[in-house]
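Good morning, and thank you for joining.

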Amino acid sequence: MIVIGIESSCDETSVSLVTDKKVILSNVIYSQIDMHKEFGGVVPEIAARAHLEHISSVFDKAMLEAGISKAEIDAVAATCGPGLIGGVVVGASFGKGLAISLRKPFIPVNHLMAHALTPRLTNELDYPYLLMLASGGHCFISEILSPSDTNTLGGTIDDSAGECFDKVAKMLSIEYPGGPKIEKLAKSGDPMSFQLPMPLCSQKNCDFSFSGLKTSIKYLIQKSKDDITAEHKADLCASFQRTVSEIFINRLRNAIKIMNPKIKSLAFAGGVSANQYINSRMKEFAHSNGLNFFNSPIRLCTDNGAMVAWCGIEQLPCESYIGCDLHPTWKLK
Ligand code: KG4
Ligand code: ZN
């Protein structure tokens, strides 16, 4: 079976063809980063128009790279939310039109569920598993019980971890998106140089809060005024990155106490899971608690069409593949 996946919920227009044997035939990603850089974040209006402009050529390229004909597509999957509505409408409408013209099923994919299932695309990861999802828009811990059944143990009460990376970067005059650049700068810094707050970490739940961490960095930057040296910046990035990893681990410590006892693995997904330092800390934590650890190659951590196609492959046989309750304010049902 070959499923086409379409992703357009933020600033990547992506189309991918994936087989049910876990072969990624193509995964074309058109990134809009250069368009949004000067604004320091994604501008929804610009993003929506750029998706509209590029979706056809990204689709053509994905078909060409996969080397298949349209008749060989068995189903069409597209992100239908959550995300920036202008972009979501472009990808979902393109996908629906394609499915109608091919007379093939259309699978409306929950973007978070697509991130959640991605570690299964490149690993032998069995259900149920514990998921730490950290992206630009979301941050939560969930039990992934099947392609259509999840149980969220806790989530952020304010910002997401990815947003915190991007905002801290902005405060340090680092270009959008901040995550990868903070990781690079942190390599030459001392992770123990600053002791930063870990909001909510004294509480016995699995929730997150990042706004206090963001504010404390703002004050540190204000204190050093204009004479923030490159060394100081690297130390701040390294300390911030260490603190985020420790917040994740602290929250996961509570999660493993209450999770389904059948769970034997921890998976890390979403854009922040591209961070190799945080990955290694999470792996260490998992192994020291008798859990297997799974993540994805970097190109599958951030938004891409392959994760949407894979989610479609997993959910197509499910009777109720819509309505996965991963996002409290948004449901497909
Ligand atoms: O999953 P994603 O591509 O989009 C959303 O669904 O939101 O995540 C994007 C987020 C951005 O905030 C970006 O800064 C962060 O993931 N990110 C990283 C890294 N690469 C991307 N954060 C930390 N370290 C990275 N290497
Ligand atoms: Zn995402």
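**The metal site**

Along the chain, the donors of the zinc ion (ligand 2) follow the spacing H-x3-H-x187-D. Donors here are N, O and S atoms within 2.8 Å of the metal (3.2 Å for Na, K and Ca), and since water is not among the atoms, sites may look incomplete. This is a predicted model, in which local features need pLDDT of at least 70 and side-chain atom pairs count only at pLDDT 80 or more, while totals for chains, interfaces and linings use all residues. Residues are numbered from 1 along each chain as its sequence is written, chains are lettered from A and ligands numbered from 1 in the order in which they are written, and side-chain values use heavy atoms, with hydrogens and water left out.

Which residues coordinate the zinc ion? They are His 111 (NE2), His 115 (NE2) and Asp 303 (OD), at 2.0 to 2.1 Å. Because His 111 and His 115 are four residues apart in helix H4, about one helical turn separates them. Helices (H or I, at least four residues) and strands (E, at least two) are DSSP runs, numbered from the N terminus.

Let us move to ligand 1. Its shell, meaning residues with a heavy atom within 4 Å, holds 18 residues, and the closest are Gly 136, Asp 166, Glu 183, Gly 271 and Asp 303. Helix H4 (111–121), helix H5 (161–171) and helix H6 (178–186) each supply at least two residues of that shell.

As for polar contacts, these are pairs of N or O atoms within 3.5 Å. A polar side-chain atom of Glu 183 is 2.8 Å from a nitrogen atom of ligand 1. Polar backbone atoms also take part: that of Asp 303 lies 3.0 Å from an oxygen atom of ligand 1, and that of Gly 162 lies 3.1 Å from an oxygen atom of the ligand. Taken alone, ligand 1 exposes 560 Å², of which the protein buries 90%; these areas come from the Shrake-Rupley method with a 1.4 Å probe.

Finally, the backbone. The peptide bond from Tyr 127 to Pro 128 is cis, with omega near -10°, and Pro 128 sits in the loop between H4 and strand E6 (129–134). The bond from Tyr 176 to Pro 177 is also cis, with omega near -10°; Pro 177 belongs to the loop between H5 and H6.

Key. Polar contact = N/O pair within 3.5 Å; in protein donor to acceptor, adjacent residues only side chain to side chain.
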